[in-house]
Amino acid sequence: MIFQLCYLSTATRDMQREDLVDLLSVSRRKNEELGITGLLLYSGDQFIQLLEGEESAVRELYALIAKDERHRDVVLVYEEHADARECPDWTMGFQALPDSEWLEFPNPDGSAQGLRPMMEAMGRAKAILRSVRERGLDPARAL
């Protein structure tokens with residue numbers, strides 16, 4: 001069984017391309033050492049991250065990530081055991097989402113809704129992460 005954990009957070013400062021490249025370089029190296037795979041989505045100042053691997057390794061990494069000063073308002077969206085990894089080939093896949101994708105989920109009255117409140121309220125993180133995984137990463141949005 002694989003353990004999966006997904007969280008949301010808000011960047012504490014404007015993340016430039018160089019900041020994200022550095023973050024991904026360190027994350028990918030560390031995740032490979034720990035046997036962790038996953039996916040990081042970013043737009044504006046919002047992050048969604050899926051981590052998967054051995055439960056104790058994922059929980060320990062999440063505890064460190066939650067203390068990282070580059071983000072705040074860390075919210076655990078879901079954690080569960082699964083038969084297989086969602087992202088077996090990615091030590092940390094990355095996708096930058098345009099604002100239009102971040103806001104494409106309407107409220108029941110048809111008005112625009114941001115992704116973070118929608119995911120917190122509806123628990124759709126898993127569906128969004130799975131959708132990106134199934135579509136594949138868009139090289140034009142990669143770093």
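This is a predicted model: local features need pLDDT of at least 70, side-chain atom pairs count only at pLDDT 80 or more; totals for chains, interfaces and linings use all residues.

Me: Which residues of α1 are the buried ones, and what puts them on the same side of the helix?

Reply: The buried residues in α1 are Leu20, Leu23, Leu24, Ser27 and Asn31. They cover an arc of only 95° around the axis, and therefore they sit on the same side of α1. As a general rule, an α-helix has 3.6 residues a turn, so residues three or four places apart point the same way.

Me: What is found on the other side of α1?

Reply: Glu18, Glu32 and Glu33 lie there, and these residues are exposed, a word that calls for a relative accessible area over 50%.

Me: How do you know that the length of α1 agrees with what a helix of 18 residues should span?

Reply: Helix α1 runs through residues 17–34, and at 1.5 Å a residue it should span 26 Å; because its end C-alpha atoms are 25 Å apart, the two values agree. After the helix comes Gly35, which has a positive phi, near 75°.

Me: What makes the buried residues of α2 line one face of the helix?

Reply: In α2 the buried residues are Ala57, Val58, Leu61, Tyr62 and Ile65. Seen down the axis of α2, these residues fall within an arc of 130°, so they line one face of the helix. They pack against β1 (2–11), α1, β3 and β4, whereas Glu60 and Lys67, on the other side of α2, are exposed.

Me: Why is Glu80 called partly exposed?

Reply: The relative accessible area of Glu80 is 25%. Buried would require a value under 20% and exposed a value over 50%, so with 25% Glu80 falls in between and is called partly exposed.

Me: How many of the residues in the chain count as buried, as a percentage, and what are the numbers of helices and strands?

Reply: Of the 143 residues of the chain, 42% count as buried, and the chain has 5 helices and 7 strands. Among contacts between residues at least 6 apart in sequence, 79% join residues at least 24 apart.

Notes. Residues are numbered from 1 along each chain as its sequence is written. Side-chain values use heavy atoms; hydrogens and water are left out. Buried means under 20% relative accessible area, exposed over 50%, partly exposed in between (1.4 Å probe, protein chains only). Helices (H or I, at least four residues) and strands (E, at least two) are DSSP runs, numbered from the N terminus. The expected span of a helix is 1.5 Å times one less than its number of residues. The arc is that of the directions from the helix axis to the C-beta atoms. Contact means heavy atoms within 4.5 Å.
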